[in-house]
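Please work through each task before reading its solution.

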Amino acid sequence: MEPVIRVENLVKRHAGRGFGRRAPGFTAVDSVSFSILPGTTLALVGESGSGKSSLALCLACLERVTAGQIWFEGRDLAALEEKELRAVRPKLQLVFQDPANSLNPRWTVGKIVAEPLLVQARIAKRERDARAAQVLERVGLSAEYLERRPQELSGGQRQRVAIARALILEPKLLILDEVLSALDCSIQAQIANLLVELQRTYGLAYLFVTHDLRMAAHLADEIAVMSRGKIVEQGAAEKILRHARCEETKSLLGAASLAPEAIAAVRER
Amino acid sequence: MTRFLVRRLAHAAFLLLGVSLLAFLFSTLAPGNYFDEMRLNPQISAERLSALRAEYQVDRPMVVRYARWASALLHGDLGFSFAYNTPVAPLLWTRARNTLLLTGTATVLVWILALPLGVWSAERLGRPADVALSWATAVLLIIPDLTLALGLLVLAVRSGWLPTGGMVSVGFDGFSAAHKIRDVALHMVLPVTVLVAAALPVLLRHVRAAVAEALEVPFLRAAEGHGISRRRLLYRYALAAAAHPLIALFGFSLGTLLSGSLLVEVVMSWPGLGPFLLEAILARDLYVVIGGVLLSTLFLVAGNFVADLLLYWADPRIRSEAAGR
């Protein structure tokens with residue numbers, strides 16, 4: 001099967017700030033390659049500062065990459081002009097970590113969810129509203145939420161709205177950047193289940209960025225462990241959990257020691 | 001909404017009352033008054049002087065004078081000018097009009113320049129173009145307004161391209177309408193330039209900072225991810241998200257319409273409130289000074305009030321907050 005996205009030797013270097021460019025830059029993402037098949041999830045796991053969020057922003061085309069290619073729908077996104085990118089963006093959507101600031105507080109839920117449609121195409125207001133109500137229902141919110149504002153919602157409801165907004169453009173790939181980490185434990189499970197269900201229904205591919213190996217194991221088919229900008233270990237989720245080779249993976253397993261599966265996995269070794 | 005309005009208006013009224021009281025207190029407590037200098041004039045007899053003092057009620061206690069002045073103010077009467085021997089209000093109004101012509105033009109120009117330049121700069125934050133602009137505004141910020149005004153005056157005198165003071169040329173009354181407009185416009189160039197140069201760096205930096213900050217907010221990055229056009233992102237979304245500090249600044253620029261140009265007017269001999277109030281202060285023309293202070297305060301209060309209304313209109317969060325209380 002053709003992968004939805006194929007990343008080859010991607011490098012993101014942040015230029016040093018400061019006058020005269022004296023400050024040295026640093027390499028956030030260092031020659032990373034992977035691909036994701038339709039309907040599957042790749043979890044990108046790493047500690048904070050490992051470069052996983054930089055990578056997510058690069059894939060969402062919100063940051064320009066320094067080198068390498070991102071193959072998506074037969075085109076290299078890294079080489080596209082901003083104008084050409086606009087046509088591709090709907091197929092590849094990003095959901096942010098904290099829905100408290102990823103939703104415009106001045107707008108109603110209806111407007112927030114329908115906004116991508118407004119941006120992309122000229123669609124009548126009535127149809128936009130209908131589509132917004134439809135997609136809200138898909139994420140488990142009734143149409144009565146259309147008129148609410150983000151600050152009237154709970155964290156879990158807000159993240160549902162953020163997911164609905166990403167879905168309305170009918171993407172092929174969702175980049176989920178720490179989408180569970182701002183939520184309470186009980187809500188995390190609900191949203192995780194919602195994501196699994198949506199993946200089954202729409203055949204979406206996910207790039208699930210997280211620092212939580214337990215959550216990654218629960219959601220992902222494949223796990224890539226990142227450290228200092230590089231992928232240090234990559235493979236099927238099961239395999240990574242049971243036979244972690246790298247120190248980084250082991251320390252992440254240690255951090256997730258509350259998870260029963262993870263503990264079992266460590267004991268078995 | 002009504003509650004919000006009423007609270008704001010009550011606030012404003014209270015502030016005006018306080019300022020009027022303080023202005024009155026300080027200008028009365030300061031030693032000397034308009035008639036003191038007349039004592040040195042041998043042509044005015046002591047009897048005539050005390051008659052004058054009685055006529056203008058300078059000899060009455062301060063509380064009585066304030067009460068009389070305040071009650072007159074409620075009827076729209078700002079009192080009497082000692083020097084001009086006419087009511088204060090029309091005097092102030094003529095000068096205020098000239099000042100507003102100057103500051104109004106400058107304010108409009110500053111905003112027209114600052115918004116696109118600030119957005120342009122924020123878009124390329126840290127890149128050479130932005131750094132260059134930052135240095136330019138820093139230099140402009142360092143030069144004192146007075147130096148700038150004097151420098152421009154020297155240039156104008158040397159080159160002879162522009163009139164160097166006043167508001168109209170000799171023989172203005174005989175000009176045709178178009179010629180009149182042209183004449184005033186030419187006289188406005190120098191003072192408006194100084195005012196714009198003084199206000200632009202500050203405003204530009206605020207716009208730049210506010211927009212740059214807004215561009216980093218995740219919901220704007222999300223909109224970028226939906227494929228929004230650059231223009232729409234910058235001018236519709238980012239400016240709206242950055243509206244809070246900008247609206248407050250806008251209220252401030254409205255508020256300083258009467259008081260922001262006083263120095264420049266004096267230097268450029270623009271017949272506005274600046275020279276007029278300076279003269280009144282030096283002559284201790286009490287009610288003119290207090291009237292001027294009060295009028296400036298009124299503008300400041302009104303500017304803030306407009307800003308509050310705009311914020312209320314622009315941000316549903318404030319609306320729900322005000323309704324909730």
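**Exercise 1.** Across the interface of chain A and chain B, how many residue pairs are in polar contact?

*Solution.* The model is predicted, so local features need pLDDT of at least 70 and side-chain atom pairs count only at pLDDT 80 or more, while totals for chains, interfaces and linings use all residues. Residues are numbered from 1 along each chain as its sequence is written, chains are lettered from A in the order in which they are written, and side-chain values use heavy atoms, without hydrogens and water.

Step 1. The rule finds 7 residue pairs in polar contact across this interface, both residues at pLDDT 80 or more. A polar contact is a pair of N or O atoms within 3.5 Å; within protein, one must be able to donate a hydrogen and the other to accept it, and residues adjacent in sequence count only if both atoms are side-chain atoms.

Step 2. Across the interface there is also 1 salt bridge (a side-chain nitrogen of Lys or Arg within 4 Å of a carboxyl oxygen of Asp or Glu). A:Glu63 forms a salt bridge with B:Arg221, with the closest N and O atoms 3.8 Å apart.

**Exercise 2.** At what angle do helix α7 and helix α8 of chain B pack?

*Solution.* Step 1. Helices are DSSP runs (H or I, at least four residues), numbered from the N terminus. Axes are lines fitted to C-alpha atoms over the stretch in contact, and angles run from 0 to 180 degrees between N-to-C directions.

Step 1. Helix α7 (residues 177-216) and helix α8 (residues 218-225) of chain B pack at about 65°, their axes being 5 Å apart.

Step 2. α7(B) and α8(B) are therefore roughly perpendicular to each other (65 to 115 degrees).

Key. Helices (H or I, at least four residues) and strands (E, at least two) are DSSP runs, numbered from the N terminus. Angles under 35 degrees count as roughly parallel, over 145 as roughly antiparallel, 65 to 115 as roughly perpendicular and the rest as oblique.
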